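Here are a few friendly notes to read alongside the model.

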Amino acid sequence: MRLQHLSAIVADDQRSSREIAAEILKATGMRDIRHADDGGEAYKLVCERAPDFLILDLEMPYDGVKTLRQIRT
């Protein structure tokens, strides 16, 4: 599967987890991968340009559940 035309945001407070997820997405051919340290930053990135994929850690300082609710609203 080639995903070169799709975009993603990976939000996790653990840098190593963000990098692992990004590497997996890159292996599928995806080129547009943005990173966020927490849900607040992820929300800002979504507002700037909505991604095709959003990977959110549930247990961050500004958690993924709160961020997802905010995005859906």
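How are α2 and α3 oriented to each other: roughly parallel or roughly antiparallel?

1. The axes of α2 (residues 39-48) and α3 (residues 64-72) cross at roughly 25 degrees and come within 9 Å. The two helices are therefore roughly parallel to each other, a label for angles under 35 degrees. Their crossing is right-handed.

2. From α2, Gly 39, Gly 40, Ala 42, Tyr 43 and Val 46 make the contact; α3 brings Thr 67, Gln 70 and Ile 71. Contact here means heavy atoms within 4.5 Å. By type, the residues divide into four nonpolar, four polar and no charged, with Gly counted among the polar ones.

3. The largest nonpolar core has eight residues: Leu 3, Ala 8, Val 10, Ala 21, Ala 22, Leu 25, Met 30 and Ile 33. Such a core joins buried residues (under 20% relative accessible area, 1.4 Å probe, protein chains only) through side-chain atoms within 4.5 Å. Both β1 (7-11) and α1 (15-27) supply at least two residues of this core, and the largest share, three residues, comes from α1.

4. Leaving aside residues up to four places away in sequence, Ala 21 touches Val 10 and Ile 55. A second, separate core of seven residues includes Ala 11, Ala 36, Ala 42 and Val 46.

5. A word on provenance: this is a predicted model, where local features need pLDDT of at least 70 and side-chain atom pairs pLDDT 80 or more, while totals for chains, interfaces and linings use all residues. Residues are numbered from 1 along each chain as its sequence is written, and side-chain values use heavy atoms, without hydrogens and water.

Technical notes: Buried < 20%, exposed > 50% of the residue type's maximum accessible area, 1.4 Å probe, protein only. Helix = DSSP H or I, 4+ residues; strand = E, 2+ residues; numbered from the N terminus. Axes fitted to C-alpha atoms, helices over the stretch in contact; angles between N-to-C directions. Parallel < 35°, antiparallel > 145°, perpendicular 65-115°, else oblique. Left-handed = near helix turned anticlockwise from the far one by under 90°.
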